[in-house]
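Here are my notes for your next look at this model. Please keep the coordinates open while you read, and tell me if any point needs another pass.

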Amino acid sequence: MVLLQIRIILLVLLYLLFLPLPALGQQPPQISGETAVLMDAQTGVVLYGKEENKKMYPASTTKVLTALVALERARLTDMVTIGSDAAHAGGSAIWLAEGERLTLEELLYALLLNSANDAGVAIAQHIAGSVEKFAEISNDRARELGAKNTHFTNPHGMPDENHYTTAYDLALIGRKAMENKDFRKIVATVNHEIPRADPEAQRYLFNHNKLLWSSVYGYQGATGLKTGYTVEAGQCIVASAERDGRELIAVVLHAEGSNLWTDAIALLNYGFANFENQQILDSKKILTSLPVQYGKGKVNLAPAGDYFYTFSVGEKDKLDIKLEPAAEVNAPVAKGQVLGNVILSLDGKTIERMELIAAQDVEKDWFAWGKSVAYWSIPPFLILLWVRRKIRLRRARRKRALRRKRYYSDLME
């Protein structure tokens with residue numbers, strides 16, 4: 001019996017020994033949501049996409065752009081008076097009363113934690129005077145961010161056939177919003193209390209984003225962002241998380257039930273396990289140098305800015321860096337002067353083209369310039385003098401010959 005057990009153990013060990021090693025990282029996740037995208041927040045590189053450019057209803061993820069526009073155009077301390085439109089906005093609300101006064105900061109907490117539609121309308125009217133005008137401003141801002149397939153008609157995301165976006169566009173908007181420290185602070189807050197004049201009014205706000213606090217769906221390093229739901233849009237989320245200095249943004253649109261959370265978690269896990277950020281260009285690092293005609297020394301060239309890229313496992317080996325410096329540089333050279341380009345290609349495809357600029361001033365060397373002028377001008381000048389002398393001598397000989405001729409002519413007469 002003991003021998004049989006030993007044989008079984010040996011067979012199991014041999015089986016495990018000769019199993020193929022698993023590949024590094026993870027396979028792309030199977031997402032149940034209708035559309036999705038995963039983006040690196042630092043580089044903007046898309047790490048995963050599922051119909052990420054398909055136009056969808058965004059529900060309350062709309063409020064990410066609403067908050068961004070508000071933070072860019074107003075102060076948190078602004079006092080906002082609630083109008084009748086806000087008081088009757090419908091949908092999710094904290095039941096703001098007409099004439100009530102709250103700061104913009106308090107309304108943003110209500111907007112982003114409790115997803116209050118009435119707070120969205122109040123913010124829109126404070127910023128632009130009307131919901132319609134605010135929608136125009138929001139759409140302009142979306143286009144500036146590169147969100148070309150986004151068109152909003154309201155600040156809260158209630159259903160409208162002309163109110164749509166894409167997973168990719170929402171990732172762009174979320175990425176920009178997370179650059180704002182006030183926005184980051186609000187969307188990372190689990191609960192918050194706001195002052196209300198009516199003691200019966202809702203004061204306690206609670207974040208709907210379970211990635212921040214749930215014992216089941218809580219995600220290590222979660223930093224935000226916003227959830228949403230309508231019957232037409234289904235379950236939606238713009239989620240963000242940070243690990244080891246990297247932040248990812250995951251968007252899932254039109255999911256069902258708990259799939260929303262498992263989809264977001266699967267995307268974030270995939271991004272952290274399979275990709276890494278590396279700095280390719282450093283604005284303080286000299287890439288090459290060029291001679292400067294009539295200059296006091298060479299000019300060093302550096303990239304115009306820093307550049308990071310998100311690589312998948314083993315992908316960095318396919319990177320090619322090509323320098324295209326200027327063919328000729330003349331003094332003087334000013335620091336920051338554009339003197340060429342650096343082109344980054346990955347597996348034959350250009351991923352970035354950045355200017356090369358002068359890293360320092362290069363003054364004109366007047367002595368070198370003078371030598372050059374002398375070198376090129378004196379020989380022709382001497383030649384001209386020689387030619388002129390030859391011409392004058394020839395003329396003098398002709399005059400003497402003419403005088404002799406006249407003299408002998410006179411004698412013959």
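1. Leucine 225 sits in strand β7, where helices (H or I, at least four residues) and strands (E, at least two) are DSSP runs numbered from the N terminus. The peptide bond that joins glycine 224 to leucine 225 is cis, with omega about 25 degrees. Proline 332 belongs to the loop between β14 (319-325) and β15 (338-346).

2. A word on the basis of these notes: this is a predicted model, local features need pLDDT of at least 70, side-chain atom pairs count only at pLDDT 80 or more, and totals for chains, interfaces and linings use all residues. Residues are numbered from 1 along each chain as its sequence is written, and side-chain values use heavy atoms, with hydrogens and water left out.

3. An open sheet of 5 strands runs in the order β2-β1-β9-β8-β7 with antiparallel pairing, two strands being paired if DSSP finds at least two bridges between them. At the edges are β2 (46-50) and β7, each of which pairs on one side only. From one strand to the next the twist averages 5 degrees; axes are lines fitted to C-alpha atoms, for helices over the stretch in contact, and angles run from 0 to 180 degrees between N-to-C directions.

4. Within that sheet, β8 (residues 234-243) and β9 (residues 246-255) pair in the antiparallel sense over 8 bridges. Helix α9 (residues 259-274) lies across β1 (35-40), β2, β7, β8 and β9, and runs at about 150 degrees to β9.

5. Histidine 254 is not a glycine, yet its phi is positive, near 55 degrees, and the residue is partly exposed at 27% relative accessible area.

6. What is the phi of serine 115? It is positive, about 60 degrees, although serine 115 is not a glycine. Serine 115 lies in the loop between α4 and α5 (117-128) and is buried, with a relative accessible area of 4%.

7. Now to a helix pair. Helix α2 (residues 63-73) and helix α4 (residues 104-112) pack at an angle of about 165 degrees, their axes 10 Å apart. The two helices are therefore roughly antiparallel to each other (under 35 degrees counts as roughly parallel, over 145 as roughly antiparallel, 65 to 115 as roughly perpendicular and the rest as oblique). The contact (heavy atoms within 4.5 Å) is made by Lys63, Thr66, Ala67, Ala70 and Leu71 of α2 and by Leu104, Leu108, Leu111 and Leu112 of α4.

8. Leucine 96 is in the loop between α3 (84-87) and β4 (101-103), and is buried with a relative accessible area of 3%. Not counting residues up to four places away in sequence, leucine 96 touches Ile82, Ala87, Leu102, Leu107, Asp118, Ala119 and Arg196. Leucine 96 and alanine 119 are 23 residues apart in sequence, and their C-alpha atoms are 7.5 Å apart in space.

9. Finally, another open sheet has 5 strands in the order β11-β12-β16-β15-β14, with antiparallel pairing. Its edges are β11 (288-290) and β14; each has a single partner strand, so one side of each is left without a neighbour in the sheet. β14 and β15 pair in the antiparallel sense over 7 bridges, and leucine 323 stands opposite valine 342 in β15.

Note on methods
Buried < 20%, exposed > 50% of the residue type's maximum accessible area, 1.4 Å probe, protein only.
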